[in-house]
Amino acid sequence: MCGIVGYIGRAEAVPILLDGLRRLEYRGYDSAGVAILNGEGLAVRKAVGRIANLAQVISENPAGGSLGISHTRWATHGAVTSENAHPHTDKSGRLVLVHNGVIENHQTLRTGLEEKGHIFHSQTDTEVLAHLIGAAFDRRGEKTQAALVESVREALRQVIGTYGIAVIHAAVPGVLVGARRGSPLILGVGKGEHFLASDVSAVVAHTREAVYLNDYEIVALRADGFEISTLAGSDASFEVSKVEFTAGDVDKGQYAHYMLKEIHEQPDTVRDALRGRLSAEEATAKLGGLDMTNAELREVERIVLSGCGTAFHSAMVGEYLIETLAHLPVECEFASELRYRNLPMTRDTLVFVISQSGETADTLAALRESQRKGHRTLGICNNVASTIARESDGGVYMHAGPEIGVAATKSFTSQLTIMTLLALLLGRIRHISYAEGLEIIAHLEKLPDLVARVLELESHVAAIAKKYAHSKNFLFMGRQANYPIALEAALKLKEISYIAASGYPSAELKHGVIALITEETPSVFIAPRDAVFEKNLSNIEEVKARKGPVIAVGTEGDTSLSRVADDVILIPQAPDYLTPILATIPLQLFAYYIAVELGCDVDKPRNLAKSVTVE
């Protein structure tokens, strides 16, 4: 959500800034802008819409210089207009700022500044922050790096809310200042140049060394160095990390869209989620990152799984798997609700928060609330340098690599794989026998190849998607661990094709859902050959009796579904605890090909952001 790229060095800033913004397009945005500082002063360029529009504005009115900041905005305060686009200037017009996050007390601050003669030109909370910093700088009278840093510090102490900011001032031409609280900010370390970005993918083409800023830290960058301090004013320790991926890892390659590429990466990402985590010797999973002994895990009597969106659906599957394999009670909580609920949790409750980015604002808040109440809280995320990874008491990394498509695909199946490993580990500690553990491991080792076999169904799924692409509504249904997969499939379709879709437990069909059945409303049933297969078959026949079209996801070798469903997709046979992963993939392809058929922007769906870093 929103993107920041800043540069200071010897090269022309504009090409670097535009390239960085393009690499952040997946985060979601509705306008973009740059500010360049050169010998002639500040040059600000903005445009509504895509970065291509901004590039056109710059080509018509060039801006040169080797110090600049840039931004892609996802509207929170104020409509999508050029006036509301970032960067924003202060009262003097000499300080310029870009900002991710939300300043909750912006209206109070705005009123106070207006009483002092400040005039605002936008509806944004960000412009208030620019004026606040600029006023503090003007009061100091000094035109130095120290004065600019202290002005940022003074202003941020008055702020309630979240921020990741980049600031430059015409009076201090060799300095770029950044700060963060609750919104990620990364310092890219170069030779004779430095970068500032909200996501390391924006600068990985220029440097593989990064410092991940912590909350309440302020960084002052020059071409030849940088200093990091805290909001309180003390020096901050830091570590320069090696970025794990390259610029090539965030390219589409041969694929038309990132989403399709990431769907096809799932045999490898599932394999990477399993790598080094299966012990045939002990017939269990090895998850050392939990930082808990088997004795400590044995003391756990209840688990809470928390996440948002797709991550919450993986938690729902995890609930089923852990309760089935480990006989432990599990509760799923939306991260957005957890911090505001007074959820009764006993001292033997273990909490997991799940987030692909590791920066999701609601999930991070849930983590902190859980820890505040004294519970051990572990993270499951994909970014080893993320805030959740750093602040959690331990956890498990997905190792899925960068996921650029806004609609989560490979991260979801990686989360499901980790949930299966967790269920195996907890089950072996409690009641699963050595022989049963070995059997589960054998099935898990075959999983990447089964995923590859599902991908061979692509052309078949694409043809079905084309057949139903112009339907206005879809129903998705499944039972037990496949009910969350129905929810996830409906979410994928909504996200990228904008078609109204809903997921339900199949058994709830007669409890109201059946009223939605029409000849124009396809129902997608996840109906593998499992303990509730006959029940699912009966539900399908009820839909067909009312002339509703049915697409069924079943198990290879099954002939029952083809006699009642209009279209059938057959996935490889596997144990019940693995069918959620296998059933997910054709439904990802189904959503993708419907969106393509409708001409939708698959990788950058409207109104959506990849990483939701504000509440």
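Trainee: Why is Asp-291 called exposed?
Mentor: The relative accessible area of Asp-291 is 53%. Exposed means over 50%, buried means under 20%, and partly exposed lies in between, with a 1.4 Å probe and protein chains only. Asp-291 is therefore exposed, at 53%.

Trainee: What kind of model do these values come from, and how are residues numbered?
Mentor: This is a predicted model, in which local features need pLDDT of at least 70 and side-chain atom pairs count only at pLDDT 80 or more, while totals for chains, interfaces and linings use all residues. Residues are numbered from 1 along each chain as its sequence is written, and side-chain values use heavy atoms, with hydrogens and water left out.

Trainee: Where does Asp-291 lie, and what is its phi?
Mentor: Asp-291 sits in the loop between β16 and α8 (294-298). Its phi is positive, about 55°, although Asp-291 is not a glycine. Helices (H or I, at least four residues) and strands (E, at least two) are DSSP runs, numbered from the N terminus.

Trainee: Is Ala-283 buried or exposed, and how do you know?
Mentor: Ala-283 has 0% relative accessibility, so it counts as buried. Ala-283 belongs to the loop between β15 (278-279) and β16 (284-285). Its phi is positive too, at about 55°, although Ala-283 is not a glycine.

Trainee: What makes the bond between His-86 and Pro-87 stand out?
Mentor: It is a cis peptide bond, with omega about 5°. Pro-87 is in the loop between β4 (67-73) and β5 (88-89).

Trainee: How do you know whether the span of helix α13 agrees with its number of residues?
Mentor: The expected span is 1.5 Å times one less than the number of residues. For the 21 residues of α13 (residues 410-430) that gives 30 Å, and the end C-alpha atoms are 30 Å apart, which agrees.

Trainee: What makes α13 largely enclosed by the rest of the structure?
Mentor: Of its 21 residues, 20 are buried, so α13 is largely enclosed.

Trainee: Which elements do the buried residues of α17 pack against?
Mentor: They pack against β24 (523-526), β25 (550-555) and α18 (560-564). Among the buried residues of α17 are Phe-533, Leu-537 and Ile-540. Just after α17, Lys-547 takes a positive phi of about 65°.

Trainee: Why does Thr-310 count as buried, and what is it in contact with?
Mentor: Thr-310 has 11% relative accessibility, so it counts as buried. Contact means heavy atoms within 4.5 Å. Leaving aside neighbours within four places in sequence, the contacts of Thr-310 include Ala-408, Phe-412 and Glu-488. Thr-310 is in helix α9 (residues 310-326).

Trainee: Why is Tyr-258 called buried?
Mentor: Its relative accessible area is 17%, so Tyr-258 is buried. Tyr-258 lies in helix α6 (residues 258-264). Not counting residues up to four places away in sequence, Tyr-258 touches Val-250, Asp-251, Lys-252, Ile-404, Gly-405 and Asp-603.

Trainee: How many helices and strands does the protein have, and how do you know how compact it is?
Mentor: The protein has 19 helices and 26 strands. Its radius of gyration is 26 Å, close to the 25 Å that the globule rule gives for 615 residues, so the protein is as compact as a globular protein of that length. The radius is taken over C-alpha atoms, and the rule is 2.2 Å times the number of residues to the power 0.38. Buried residues make up 62% of the 615 residues.
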